[in-house]
Amino acid sequence: MTPADRQPDVPARVIPTWTEPLAAAASRIVGGPLGRHALVGRSRFWTPLRVVLLLAVALLAAGWLGKAPCLQQYTTDGGELALDWRNSRQYVAMCYSDTVPLWGIEGLDDGAVPYRDPWVESAGTDDEQVRYMEYPVLTGFFQYFNARMADAWVHAAEVVPGLPSALPVVVYFDISAFWLALAWLVAVWAVHALRPHRPWDAALVAVSPLVAVHAFTNFDTLAVACAAGGMLALARRRPLLAGALLGAGGAFKLYPLMLLLPVALVALRRREVRTAVFAIAGAVGAWVLVNAPVALLYGRGWWEFFRLNRTRPADPDSLYFVVQHFTGWPGFDGPLADGEQPAVLNAVSAVLFLLCCAGITVLALRAPRPPRIASLAFLVVATFLLVNKVWSPQYSLWLVPLAVLALPRWRLLLAWMTVDALVWVPRMYYYLTPENKGLPPDWFLGTVVVRDAVVVLLCVLVVRSVLRPDTDPVRGVTRWGTDPDWPAAPVRDTGTDPSGVAGSQRAVSA
């Protein structure tokens, strides 16, 4: 067959009601799967993107309503308005968000400038300690600017009749929630743009139960938007912009920088190292550009994020804590004093993650075809969470776009997301403690084990799709195996070459 005989490698749109049992079953409510002769793509307004974004807005609204009980106000005996967190409302109503307590703890209510202005923790006790903003630079200043916007809003409400207002911390939460919701919509849009032939896969990102539970628990949607945007920029042949977005994401939360390993591995397999060099240079440049001024001006405050992560013990979310609880094992470092560094645990966690990265590297280099970036990115981030000493609940949002891009199996992913979201229930009642009619730790730690087991299963299936590209639901829709995650010409299928090595070396540079 000559090149002229080949058909254009334009994938046909995937119809979920034909390929996904869950979608097919759900479609019976409205008459069943799409007909074979139905006209697709003719609506001028209700495009897949607009429908998906509308679904995302609905889930984000549900997420805000879920946090709303923690925004209730009451009048104290002294006649002052206060936030109603009495009787552990934040746990009983399962509406806890880090945004609310950080307003006061980090001095945002007093106008403290992140990394410059410290505060004293446990003042007057033996555990007294000088503290600074504990988040990466862009997240720290995101909180600061939202706090100043909240102050401006409250002051404006005092002079503008009819302008709604509330306690400054409530206004601060709402302003933060607006930007966090917008960031998640960007992530949904990016996933949709990455899969134009599978537009409805983005609905999994939009309607994920994890969004309703954790979109406003912390500030992670900002990093997720940067990571998804970086992958889209790379797919559209803009590696420098892709790197800059990943670097900016790393200044919100460090995990987007982990995606540079998959970029480098795929570039190596495709013999397009130049693309990876531009992406890595853009990421390093953006991260340094953001961090260098703060590090130079307020070095001690800038270092607080790294110091805190070094001294944190194993959190209840980690497998290390699970083993300690159920076996009575004292941990790698034994009993620790407050603020003492768990040096052995840190080393074990780092070594395990490096071993996981080494395994992923071997997988990428020995795969029959150059793997997709989304597949490797999911494996890197998932293994990091599994072996890390901390898996804060909102970290699960990191995996949502990556899982959808790597393994768009609707029933499987919705099952994982539901299990992961439900971990929030025993977590809140674990913090409530049995003495206050909460749950014993066994319930929470048991759900953590189930969640981790499901994530391990997803990793196994992604590895399988890398080793057996014919099982990859994304690559299986095109004749010549187009990789939608990489800015290059199609990679020809390996044909009869059982090793796949010869075929994998036929990548044609764009």
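Mentor: Axes here are lines fitted to C-alpha atoms, for helices over the stretch in contact, and angles run from 0 to 180 degrees between N-to-C directions. This is a predicted model, in which local features need pLDDT of at least 70, side-chain atom pairs count only at pLDDT 80 or more, and totals for chains, interfaces and linings use all residues. Residues are numbered from 1 along each chain as its sequence is written, and side-chain values use heavy atoms, with hydrogens and water left out.

Trainee: Why are α18 and α19 called roughly antiparallel to each other?

Mentor: The axes of α18 (residues 399-406) and α19 (residues 410-422) come within 10 Å and cross at roughly 165°; angles over 145 degrees count as roughly antiparallel, and the two helices are therefore described in that way.

Trainee: What makes the contact of α18 with α19, by class?

Mentor: With contact meaning heavy atoms within 4.5 Å, Leu399, Val400, Ala403 and Val404 of α18 meet Leu413, Trp416 and Met417 of α19. By class these are seven nonpolar residues, with no polar and no charged ones.

Trainee: How do you know that Cys70 and Cys95 form a disulfide?

Mentor: Their sulfur atoms are 1.9 Å apart, and a disulfide is a pair of cysteine sulfur atoms within 2.5 Å. The structure holds one disulfide.

Trainee: Why is Cys70 called buried?

Mentor: Buried means under 20% relative accessible area (1.4 Å probe, protein chains only), and Cys70 is buried because its value is 1%.

Technical notes
Helix = DSSP H or I, 4+ residues; strand = E, 2+ residues; numbered from the N terminus. Parallel < 35°, antiparallel > 145°, perpendicular 65-115°, else oblique. Nonpolar A, V, L, I, M, F, W, Y, C, P; charged D, E, K, R; others polar. Buried < 20%, exposed > 50% of the residue type's maximum accessible area, 1.4 Å probe, protein only.
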